Amino acid sequence: MIVIILRFSFRDTTTEAEREEALTAMRRTATVESTVFGVVGRDIGDPAEGFTHTYSAAVTDFGALERYTYDPVHLAGDDVILPRLSRLSAVRFSDDPDPALVERINELHLEKRARYPEWDRQLDAIPDTRRG
């Protein structure tokens with residue numbers, strides 16, 4: 001299993017309606033065919049870290065991760081979500097013992113950045129982004 005955790009906060013200029021639209025897009029993404037589970041909600045970690053919400057989704061294996069990454073629902077959701085974020089921290093973990101898994105996931109991410117330059121720009125435009 002591969003689990004994705006995104007902690008995030010919205011830009012101060014994001015309206016309540018835009019926040020809800022982004023959260024709805026995340027909920028749709030968390031339920032695409034390739035996911036085992038997904039959840040979106042308020043972040044209940046240390047408020048000093050500056051995150052207000054968390055997204056988590058899990059997929060069974062690398063093949064499911066590829067499908068998740070390129071799922072049309074996920075791609076469309078990114079266009080609604082990313083421009084509204086001021087802070088993003090991405091963490092992944094897995095119980096898959098494949099020693100090449102990290103490299104494969106990083107290559108998948110780089111491939112998506114190259115394939116979708118607007119997505120790449122949207123990620124880079126988030127003022128405070130940490131990727132793990």
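**Salt bridges and their surroundings**

Author: Glutamate 118 and arginine 121 are joined through their side chains in a salt bridge, 3.1 Å from N to O. The term stands for a side-chain nitrogen of Lys or Arg within 4 Å of a carboxyl oxygen of Asp or Glu. The two residues are three residues apart in helix H5, so about one helical turn separates them. Helices (H or I, at least four residues) and strands (E, at least two) are DSSP runs, numbered from the N terminus. Glutamate 118 has a relative accessible area of 42% and is partly exposed; buried is under 20%, exposed over 50%, partly exposed in between (1.4 Å probe, protein chains only).

The model is predicted: local features need pLDDT of at least 70 and side-chain atom pairs 80 or more, while totals for chains, interfaces and linings use all residues. Residues are numbered from 1 along each chain as its sequence is written, and side-chain values use heavy atoms, without hydrogens and water.

The salt bridges number eleven. Those that share partners join Arg7, Asp43 and Glu49 into one network.

Helix H5 also takes part in a link to another helix. Aspartate 124 forms a salt bridge with arginine 113, with 2.7 Å between the closest N and O atoms. Aspartate 124 belongs to helix H5 (residues 117-124) and arginine 113 to helix H4 (residues 101-115), so this pair ties together parts eleven residues apart in sequence. Arginine 113 is buried, at 13% relative accessibility.

Another pair spans a longer stretch of sequence. Arginine 84 and glutamate 21 meet through their side chains in a salt bridge of 2.8 Å, N to O. Arginine 84 sits in the loop between helix H3 (72-81) and strand E4 (85-94), and glutamate 21 in helix H1 (residues 16-29), so parts 63 residues apart in sequence are tied together. Arginine 84 is buried, with a relative accessible area of 16%, whereas glutamate 21 is partly exposed at 40%.

Helix H3 holds aspartate 78, which is buried, with a relative accessible area of 8%. The side chain of aspartate 78 makes a polar contact with that of tryptophan 119, at 3.0 Å. Beyond its neighbours within four places in sequence, aspartate 78 is in contact (heavy atoms within 4.5 Å) with Pro83, Lys112, Trp119 and Gln122.

Phenylalanine 8, setting aside neighbours within four places in sequence, is in contact with residues including Leu23, Met26, Tyr55, Leu85 and Leu88.

In H2 itself, Phe62, Ala64, Leu65, Tyr68, Thr69 and Tyr70 are buried. The cover over the buried residues of H2 includes E1, H1, E2, E3, H3 and H4. At the N-terminal end, aspartate 61 caps H2, a side-chain oxygen lying 3.3 Å from the backbone nitrogen of glycine 63. For polar contacts the limit is 3.5 Å between N or O atoms; within protein, one must be able to donate a hydrogen and the other to accept it, and residues adjacent in sequence count only if both atoms are side-chain atoms.
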